[in-house]
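Please open the structure in your viewer and keep the selection panel at hand. The stops below say what to select and what to look for there.

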Amino acid sequence: MALEAMPALFVRLGGLGTSTPISSRWNLISLGWGSVKVVMIALTVAIPIAIPAALYVSQVAPVRWRVWLKPTLELMQGVPTVVLAFLALWVLAPALQRAFGAPFLLNGMVAGVAVGLAIVPVMFSLVEDALSAVPREWFRSALALGATPWEAVRRVVWPAAASGIGAAVLLGMSQALGETMIVMMVSGNATLPGWSLWDPVRTVPVELALEWVGTARGSQRYSELFLMGFVLLGLSMALQGLARMIRIRNARQRGEVAS
Amino acid sequence: MNRGFPDWIFRRLTGVVAWALFASVLSLVLGLLLVVVPVFLSGWDGQEGGSSPALDHRGSRLSLLLLGTATRTLLMSLAAIPAGILTAVYLAEYAPSGARATRILRWLVHGLAGVPSVIFGLLGLGFWISVVGVGLDRMAGDSAAPVWGRPGLLWASLTLAMMTLPVLVVSTEQALRSVPQELRLAAMALGATRLQVVMRILLPNAWVGIASGVVLTVGRAFGEVVPLLFTGAVAETQRSLALDEPFVDLAHQVFVLGTRSPEHPSSRPLLLTCVWVLVFLSLLFHAAAAVLRSRILRAEQDRL
Amino acid sequence: MLLPRSCDLGSSGRSKTASDAVTSESSPNPARIEIQDLSFWYGSTQVLRSVSMVVPERQITALIGPSGCGKSTLLGCLNRMNDLIPGVRQSGVCRVGGVDVQDPGVDVTELRRRVGMVFQKAIPFPQSVFDNVAFGLRIGGCSGSELEDRVASVLQRTGLWDEVRDGLNGNALGLSEGQRQRLCIARALAVDPVVLLLDEPACALDPISVGRIEELIRDLRRDHTILLTTHPLQQAARLSDQTAFLQAGELVEMDSTERVFSQPRDPRTEDYVTGRFR
């Protein structure tokens, strides 16, 4: 893959883009911008749902409800993304257009919201794990000192889980970044570099999925696609690696506690 | 200052969000399974009566789609599961722990486990088709019509296998590591060799965990579409199922029909049927994994 | 009392709370614990059977008994920490300073400030030493130099001051086991509780740390009513004024420590303290 991307890489680094047509560079920028828009909307949607839900399930809910809540919320992970994309296309997009009167049925907002909803289960599950990994003794000690559950969570549990929650958000972000099916079906797929969130957008993975057909092997376009794939690979590996690093460091700190 | 108030807000707010999420997930899943059910049932009723050729057609389309999906999932499992388990056993038991190479390998596997599927599609295209497939064709010498150097069932399956392999390794290694160290040490203290430890202690104790990881991963690959776009799924094909031929696929069909359906209302029943079957089977995988996991939890409680 | 009061915590703050309607200033012993007919169930398993006892104020009372006899459960009833356990049931009355702790009018957080607790496995919060001790004070709205003074004075009382003076901002998880345990006691003391519940405070520590903690507990007797559970019998004998022996959820005997160990009335107590088990 790196080999396939090499030509484009050299073109970009060597000639400062002089040998590539302007339109192509412009295209890359707007694809990146589209990805940023979709990921940001997705996180804005997913975080305020996943984190409170995880707080409730791990800290507030009685155990007898917890055993039902968590598996049910994780059930969503079993639904294939193509089905979620289908629902976003047939249900969410018309509903959003009716509610907000957007000029296009399919746009970046629909894609962002749909991706956001799609990453909620994963993010919830990871945040819940991070919160549950905080020793319950800390929560209990805080209550024994006269703290309310909220004070115990805010001052003890949350700080202790913060890095794990950060890792969960990074993983959710990585998933949003690479989400292809949903974005492909509901984003409108036009490469528009505008500011409006209600414009159709196209993201990097969608570009990869849509454009490889009819691109001759060895052409500049071909290596450009592989370059983009390479960047996407690097980004998501970096996010994964960062999240894993945080988690390992956390586990090591926990180890000290246990000893 | 009333300290009870923020606490009340905190509990109410998180509770409302969590229960709302719970309700929407439940209604989504049940909705997918129940609302679509009449369409689905009417399809089968019609087919049994053999009255409508359109419904007959739909039934045969559906079985073709299922056949394609089942074959590529099976081929993928044959390639990925043994390799994944072997790699995980190596990483957990044989690889020199702490060595730099092992650490790098583990980081790589964990990193790849979260890489978007579109990358694997591209990788399948760039490696299996452009390199291996084209190479095979060249060896055969007949350059007029590419046989292997084009998208097909085998390449799709192998691409999916590449995609699931790291996930399988991660989940299997985790299952192997959750076998208590004491058991392993006790076996070694009795003079067991490494292979005996693996075969008699690790695998028997970890198999439920391994199996639940495998089922979950295969289930996810079952509903995956994106890599297939690159490597061989097509909307329709006249050819019969063969390793070197493009094929029709259930999940892919949802994408195809879903994006074009407004103009083709006639394909709507088939689309809904596909969605139903896809959701049902995916949830079946998920439920099987959940059942296995609950067995682990129970076993852990027994151990305590 | 030893500590300045302007942070409006602990007993001085109590005069405004709902629970006080029941307490009334006339109650002579705010630190006295009375337990009447206390029974407790986890699901269908009964762990306490009609326990009745009076824990005298400003003394050390030790609860002894085999594992699972209900010692820790008994402590948990007194500051309602058992509320957190699902599927439990309780009957009977616990009064601290004359107030029924189960009374719906009782502010649970206020109760827990008055009835401090240190757990068997009391790991400090993953924060600095200072923040650990300051936790309860900050929740009560204490800050600034006032807060620093009170943290320092509590650390001095627990004998930790000289050991951690230079590392107040270091992570508390870096302390030794014995220091951690004393830090947890200091953390509980900071809000100036009238009663202190200690659940096996010196279990799994080296003898020197055990000695320090016992010394500390003995010192605390001057200002606090202390109820502790312990496994090593010698510790109960060394430390406590009163000893209560529980077996299978039943209070077998409670008397002055000397009597319980030298001339127990009940043969079961005698078996236990002399090490004859059946």
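Residues are numbered from 1 along each chain as its sequence is written, and chains are lettered from A and ligands numbered from 1 in the order in which they are written.

**Confidence.** The model as a whole scores ipTM 0.86 and pTM 0.85. Now select residues 1–6 of chain C, where the pLDDT is below 50, and then residues 8–26 of chain C, where pLDDT stays under 50. Where pLDDT is low, the predicted coordinates should not be read in detail.

**Where two chains touch.** Show chains A and B together: 45 residues of chain A are in contact (C-beta atoms, placed from the backbone, within 7 Å) with 51 residues of chain B.

**A nonpolar core.** Which residues have the most contacts inside the largest nonpolar core? They are Ile182(A) and Val186(A), in a core of 249 residues. Such a core is a set of buried Ala, Val, Leu, Ile, Met, Phe, Trp, Tyr and Cys residues joined through C-beta atoms within 7 Å, and a residue is buried if 20 or more other C-beta atoms lie within 10 Å of its own, exposed if 12 or fewer, and partly exposed in between. Helix 2 of chain A supplies the largest share of this core, 19 residues. Beyond four places in sequence, the contacts of Ile182(A) include Thr81(A), Leu84(A) and Val115(A).

**A sheet in chain C.** Next, select the open sheet of 6 strands (DSSP runs of E, at least two residues), whose order is 6-7-8-3-9-10 with mixed pairing. Strands pair if DSSP finds at least two bridges between them; strand 6 and strand 7 of chain C pair in the parallel sense over 4 bridges, and Met117(C) has Leu197(C) as its bridge partner in strand 7.

**A last residue.** Finally, select Ala237(C), which is in helix 10 (residues 233–239) of chain C. Ala237(C) counts as partly exposed because 18 C-beta neighbours lie inside 10 Å.

Methods:
This is a predicted model: local features need pLDDT of at least 70, side-chain atom pairs count only at pLDDT 80 or more; totals for chains, interfaces and linings use all residues. Two residues are in contact if their C-beta atoms, placed from the backbone, lie within 7 Å. pLDDT is the predictor's confidence in each residue, from 0 to 100.
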